[in-house]
Structure formats: C-alpha cells, structure tokens
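Work through the following exercises with the structure in view. Each task is followed by a solution that goes step by step.

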Amino acid sequence: MPELLFPLDSAKRFTDQEKVGHNRWHPDIPPVATVRPGQSFRVHCREWFDGAIHNDDSAEDIRDAPLTRVHALSGPFAVEGAEPGDLLMVDILDMGPIPQESGPLAGQGWGYTGIFPTGNGGGFLTEQFPDAYKAVWDFTGRKATSRHIPGVSFTGISHPGLMGTAPSASLLATWNRREGALIATAPDRVPPLALPPEPQDAILGGLAGADFDRVAAEAARTAPPRENGGNQDIKNFTVGSRVFYPVYLPGANLSVGDLHFSQGDGEITFCGAIEMGGFVDLHVDLIKNGMQTYGVAENAIFIPGDTPPQFSQWLAFSGISVTLDGEQRYLDSQLAYQRACLHAIDYLTRFGYQPEQAYLLLGAAPIEGRLSGVVDIPNSCATVYLPTEIFDFDIRPSAAGPARIDPGNGAPKATMR
Ligand code: ZN
C-alpha cells in the first residue's frame with residue numbers, strides 16, 4: 001500500500017482531522033504535504049457533503065443539503081519541482097470505498113444519489129423534477145443495488161468526480177470576472193447561473209486570521225469544471241486513467257475528492273452519481289514545459305482507464321432539439337440530451353418504475369450519453385444508451401408488452417419546506 005499522506009478519521013468532521021483539506025480553489029491555500037515526481041501515495045476522501053446525507057428512507061437531508069460546504073477536498077499536495085508551464089501527470093492507481101461493511105458515513109458499505117430540488121441546486125431536468133428525492137445504494141463487492149430502485153444491479157464505474165491543480169492568482173481573477181458577468185445577467189435566477197465566492201462555510205486548510213478572511217472572500221467555488229480540471233465528473237476517469245493537468249503555480253498544488261462509486265454520463269440529477277467517501281491511490285510525475293509543447297493550457301487531457309464495467313448490449317433513446325411544448329430550437333444539444341433522457345425515463349415507467357426512480361437510475365448507472373448529430377439544421381440529435389444487462393428483467397420492446405416490476409415503496413421524497 002502506498003504511504004497514506006492524507007488520513008481521515010471517520011468519527012471526526014472534516015475540519016477536526018489531523019490534516020485539514022479545503023472546499024474552495026485559491027492559490028494561497030497551503031499544501032498539506034509535498035510529494036516527489038515518481039512518487040505514489042494514498043489519500044482518504046470524504047464524500048462531498050462531509051456526512052450530511054444519511055442512510056435512511058427520508059430525502060429531507062437532500063432538500064436541506066448545505067451547498068456552501070461542498071466539495072470536501074483532500075489536499076493540496078505540492079509536487080517538488082513543478083513550475084508554471086509544466087504538465088502534471090497523475091495516474092489513478094487504485095480507488096474504492098472505505099473497506100467497512102456498514103457505518104454512518106457514505107462509503108462505508110453504501111452511497112447515495114439525490115434529486116436536488118429546484119431551490120437547492122436543481123438538476124438537468126429540474127423543470128420536470130422540482131422536488132427532492134433520494135436513493136441509497138448498497139455495495140456488495142463491486143456491485144451496487146438499491147432498496148429504493150428494485151430490479152437493477154450493476155458494477156460500479158468508480159472514479160473521482162473532482163481532481164485538479166490550484167489556479168494562479170490571475171487565473172482565479174479571470175474565473176471570478178467571467179462567472180460574475182454571467183451571474184449579473186440574471187442575479188435572482190433560481191437555480192443560479194453560477195456561484196460567486198462565498199465565505200460562509202469556507203474550509204481553507206491551515207489558513208487562519210486575516211489570511212483566512214481575505215482568501216475566503218476571493219476563493220472560487222468548486223462546483224464547475226474549469227481550466228484546472230476540477231469537478232469534471234467524467235465517469236470514465238476510472239482506475240488506470242492518466243490525466244495531464246496544467247500547472248499554474250510552483251508546486252502545482254493537486255487536490256482530489258468527490259469520489260463516485262458509479263455515475264452515468266452527465267450526472268444528470270446534479271448529485272446524480274453514487275456519492276461515497278473512500279481512498280484513492282495516485283502517482284505523480286512532471287512533463288517540463290508540457291503546456292506549451294502539447295498545447296495543453298486551457299483544459300486537462302486524459303487517457304481513460306481500462307477497468308470494467310464494459311457492456312455489449314444496449315437500448316438507446318434519442319432526442320432532438322425541440323422543446324416539450326413543440327418549439328423548434330436551433331442545434332441545441334443540451335435540449336436534445338434532455339429530451340433523450342426524458343424519453344428513457346418515460347419508457348422505464350412502462351415497466352412500473354416511478355419517474356423519479358428512473359431519473360435517479362439514469363444519474364447513477366453506467367449509461368452512455370452521446371452527441372450523435374450536431375450539424376443537421378435545425379435539430380441536434382443526442383442519444384442515451386442503457387446497458388440492458390443491469391436490469392433483472394428484459395427491457396427490450398416485444399410483442400408481449402413490458403414486464404411489470406414491483407417498484408417497492410419507491411424513492412423517498414422530501415416534503416416542501
Ligand atoms: Zn459527486
């Protein structure tokens with residue numbers, strides 16, 4: 001086992017640990033450890049809400065989830081010799097949930113998926129699904145099943161949802177400027193267009209006093225992916241992946257968190273993955289001046305992992321860029337993917353699922369989403385592929401009609417506040 005550089009004690013909150021991580025991006029958050037190029041190391045990660053979501057049959061914790069506290073990130077790790085302009089090469093050697101059968105924290109034998117309500121984050125289909133729902137998933141080895149979504153089981157396509165290097169001061173200023181300009185176009189929108197710096201609940205590693213206050217007021221939120229990688233939520237970022245991050249400041253300051261046991265393309269319910277805490281083993285190396293050599297300055301590139309699950313049989317649903325009200329839009333691929341997902345959800349209800357169960361399943365299971373056509377005016381065509389093997393019953397259309405499953409008690413819903 002590689003040396004454990006960032007331990008977490010399950011009995012303590014993220015801020016009470018031996019080493020304190022962070023939940024904002026800023027160049028002045030001090031590293032928790034320094035590693036050498038060529039070194040492998042183990043990191044513990046808390047699930048993104050640091051224990052606010054429980055293994056129970058209520059969705060009130062999703063409804064009230066404290067979004068100012070996310071994401072609980074482990075790090076930063078400084079890399080010896082890293083300079084601006086280099087590429088930081090990171091291999092994901094291994095990862096998984098915390099090896100315990102049961103316990104209070106996500107990752108200890110279980111994880112969760114939430115539909116976030118429109119007033120607290122929303123999601124890809126928030127117009128159709130404005131309320132809070134939750135599904136708890138149980139892990140048996142590498143398989144996930146849920147008492148809230150009967151009839152399916154699948155091998156997790158496990159990956160870190162979030163990893164990246166720290167921004168330089170000028171890159172951070174660019175983020176705040178461009179995202180602030182977007183927010184200014186509709187400052188009262190629900191859900192918001194973007195999230196400005198938010199000192200409330202900021203965790204900034206070892207910073208204290210005036211430094212803490214200054215950094216808390218400037219530091220970027222961790223929700224969006226940006227040039228440094230960040231919250232990319234790429235389901236194929238599995239064990240075996242090698243990623244190349246731009247280095248923006250001396251030491252690079254790598255951070256990681258938001259581990260997902262599984263996720264579908266798009267992570268559509270917002271917290272659509274199966275969220276968990278766990279461990280990740282990383283190996284780092286440098287390509288000196290790699291940003292210029294390879295033209296990798298504006299976004300990370302990566303070699304996807306080659307680990308399972310891999311499926312051969314699919315049922316695919318397509319959508320085009322026409323709204324539910326029949327309005328024609330011009331090559332709107334976001335809308336086309338929404339329509340493909342709504343199509344799949346409606347189809348699964350014919351077998352007895354609640355629409356919310358189907359929506360949660362599309363967020364969490366290893367479904368594939370594709371931009372199939374983007375040039376055939378006026379309609380984009382997006383497709384979503386469901387692996388047929390994850391269902392206990394045959395989901396393909398046939399002359400006999402759909403098998404009816406027992407949806408159980410369904411996914412728990414929170415009452416509106
Ligand atoms: Zn996540």
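**Exercise 1: the two domains**

Between domain 1 and domain 2, about 2,300 Å² of area is buried, and 69% of it comes from carbon and sulfur atoms; buried area here is the accessible area (1.4 Å probe) that two parts lose on being put together, summed over both. The model is a predicted one, in which local features need pLDDT of at least 70 and side-chain atom pairs count only at pLDDT 80 or more, while totals for chains, interfaces and linings use all residues. Residues are numbered from 1 along each chain as its sequence is written, and side-chain values use heavy atoms, with hydrogens and water left out.

Task: state which residues the domain assignment gives to each domain, and how many residues each domain brings to the contact.

Solution: Begin with the bounds, which come from an automatic or database domain assignment: domain 1 covers 3-303 and domain 2 covers 314-390. The contact, meaning heavy atoms within 4.5 Å, takes 33 residues from domain 1 and 23 residues from domain 2. Finally, the C-alpha centres of domain 1 and domain 2 are 26 Å apart.

**Exercise 2: a pair of helices**

Task: find how the axes of H5 and H6 cross, and which residues make the contact.

Solution: Helices (H or I, at least four residues) and strands (E, at least two) are DSSP runs, numbered from the N terminus. The axes of H5 (residues 333-349) and H6 (residues 355-364) come within 9 Å and cross at roughly 130°, which makes H5 oblique to H6, since angles under 35 degrees count as roughly parallel, over 145 as roughly antiparallel, 65 to 115 as roughly perpendicular and the rest as oblique. On the H5 side the contact is made by Cys341, Ala344, Ile345, Leu348 and Thr349, and on the H6 side by Pro355, Ala358, Tyr359, Leu361 and Leu362.

Conventions:
Axes are lines fitted to C-alpha atoms, for helices over the stretch in contact, and angles run from 0 to 180 degrees between N-to-C directions.
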